[in-house]
Amino acid sequence: MAGATTQWTSRFAFLMAAIGSAVGLGNLWRFPFQTGQNGGAAFVIVYLLCVLFVAFPILMAELSVGRHKGLSAVGSTRQLALDSGKSANWSMVGWIGVLASFAILTTYSVVAGQVMAYSLMSFMGEFAGQAVNSAPQVASLYDGATHALTWHTVFIVASVAVVSAGLHGGIERVVTVLMPIFFVMLVGLSIYALSTGAAAKAISYLFAPDFSAITPLTVLAAMGQAFFSLGVGAAVMITYGSFLPKEENIGNSAGIIAGADTMVAVVAGLMIFPIIFANGLDPAAGGGLIFDALPAVFSGLPGGSFIGGLFFFLAFIAALTSAISLLLTASAVGIEQFGLSRTASAAIFGALAWTVGAATIVVTGLGNWVDFVGGSILLTTGGLLIAVFVGWIVPGKIMRDELHNTSDGLFNFWHFTVRYLAPVAVGMTLILGIDAKFNFGLSAMLGSIGGG
Ligand code: TRP
């Protein structure tokens, strides 16, 4: 029952932790390549709508559910169901979320490991003198499975170390130091990129939408990105909410978290696309976009090895402060439901996540499946269930009490969204996602109806 007594030391600590969880590889790595693959500004607009009307309300829902009794994701959903006179089996909502955050952690760590390696390699000048537009000749620290495994291991060990040191001694310490550093570096790097790269082209690419480019698949990608980037649907924000005091204004905090996360994604775009366009690279290159393009580009600029090293270090900070929230979510359940010690729980879930992540490095194609199951199926199912849970299962009166210092206007918007808008939108996303993966042809059919 650790959650019931432990609380954040301050509002600042909570906000740094929650923003740290939201801001991650989702903003710096995933957002740019998703934008590039889904047509630029049209994707950005749909993404912003998904954040405002679906992900932000779910963020408020998760924080409230966690704070209600201050338990882990599983304990919180069970207790809130019981307090609502409903079946304890609603803890299923928590379990699915935990499974999602665990699944996401496994491959997240692999990418984060690569980010760590690239930071070091860049600082050491290993990318210097490479031709732009060629994948970097793979340098000494990152050539093949052994190195990927090593860096994945380093990253998981770091995450376990932070989480096992506890909320105050580990997580708060790390986020209150690293997040301010992150923001200073982000501002510096984006000024650098905008002043040296093709700024005008990047700005119109990101902000001048071609609405005819919007298809069901754009919406699917945007919704997935909104969940991933805000970090909702995986019970992480239930866990962070469990340490909140009753007087915290959840609507207000959720607004700050969602706003900061969105801002970082846009700034990351403004940092990366000027460089991409100035060098004639393909924005639709996919998941390798920042890894292939940026080192080569930085290597041609004065001081580029250092700037490149900083960029990847920035991404590493963002990744670490996200991964610890993912790991904490599972380990809080381990402590509460399985009676494990804090260290044992962090180590066991860390080791399990390491194993699955390692398997995705070695087995070709497995990573895509883990991403599909974790990032598409479990994450959206978790979001759908949490919306249905707070919208339909828990009485409105209980939710109003939990969101007691939220204005009537925001509460009504929120309640309408979690009852109607989010279940319909997320439910459709889920169906579309499965369809797109298995090629049943539904999205193509919708696309032709829509004239796209
Ligand atoms: N939001 C983080 C990112 O953008 C990753 C993350 C943290 C996450 N917690 C999550 C993703 C919960 C999905 C669900 O990188």
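Residues are numbered from 1 along each chain as its sequence is written, and side-chain values use heavy atoms, with hydrogens and water left out. In this predicted model, local features need pLDDT of at least 70 and side-chain atom pairs count only at pLDDT 80 or more, while totals for chains, interfaces and linings use all residues.

Q: Which residues have the most contacts inside the largest nonpolar core?
A: A nonpolar core is a set of buried Ala, Val, Leu, Ile, Met, Phe, Trp, Tyr and Cys residues joined through side-chain atoms within 4.5 Å. Buried means under 20% relative accessible area, exposed over 50%, and partly exposed in between, with a 1.4 Å probe and protein chains only. The largest such core has 153 residues. Those with the most contacts inside it are F182 and I257.

Q: Which residues does I257 touch, not counting residues up to four places away in sequence?
A: Contact means heavy atoms within 4.5 Å. With residues up to four places away in sequence not counted, I257 touches F14, L15, A18, I19, A22, L59, L63 and M237.

Q: How many residues of α3 are buried?
A: Helices (H or I, at least four residues) and strands (E, at least two) are DSSP runs, numbered from the N terminus. Helix α3 is largely enclosed by the rest of the structure. Its buried residues include L25, W29, F31 and P32. The count of buried residues in α3 is 12 of 13.

Q: At which residue does α3 bend?
A: The bend at a residue is the angle between axes fitted to the seven residues ending there and the seven starting there. In α3 this angle is about 35 degrees, and a proline, P32, follows within four residues. The bend lies at F31.

Q: What is the angle between the planes of F31 and F43?
A: Rings of Phe, Tyr and Trp (its six-membered ring) pair if their centres lie within 6.5 Å; planes under 30 degrees apart count as stacked, over 60 as edge-to-face and the rest as tilted. The structure holds 30 aromatic pairs. One of them is formed by F31 and F43, tilted, at 6.5 Å centre to centre. The angle between their planes is 45 degrees.

Q: Which helices does the pair of F31 and F43 link?
A: Both F31 and F43 are buried. The two residues are 12 residues apart, and their pair links distant parts of the chain. F31 belongs to residues 25–37 and F43 to residues 41–69, which are helices α3 and α4.

Q: Over the ring of which residue does the charged end of R30 sit?
A: A charge sits over a ring if NZ of Lys or CZ of Arg is within 6 Å of the ring centre and within 35 degrees of the ring normal. Another case is K437, at 4.9 Å from the ring centre of W369. The charged end of R30 is 4.8 Å from the centre of its ring, and that ring belongs to F228.

Q: Is A235 buried or exposed?
A: A235 lies in the loop between α10 (216–230) and α11 (236–241). Its phi is near 65 degrees, a positive value in a residue other than glycine. Because its relative accessibility is 3%, A235 counts as buried.

Q: Which residues is S72 in contact with, leaving aside its neighbours within four places in sequence?
A: S72 is placed in the loop between α4 and α5 (73–83). At 4% relative accessibility, S72 counts as buried. Beyond its sequence neighbours within four places, S72 is in contact with A332, V333, E336 and Q337.

Q: How far apart in space are L421 and V54, C-alpha to C-alpha?
A: L421 is found in helix α18 (residues 408–438), and at 35% relative accessibility L421 counts as partly exposed. L421 and V54 are 367 residues apart in sequence. C-alpha to C-alpha, their separation in space is 7.4 Å.

Q: Which helices do the buried residues of α15 pack against?
A: Among the buried residues of α15 are S345, F349 and I361. S345 has a relative accessible area of 0%. The buried residues of α15 pack against α6, α7, α14 (304–338) and α16 (366–393).
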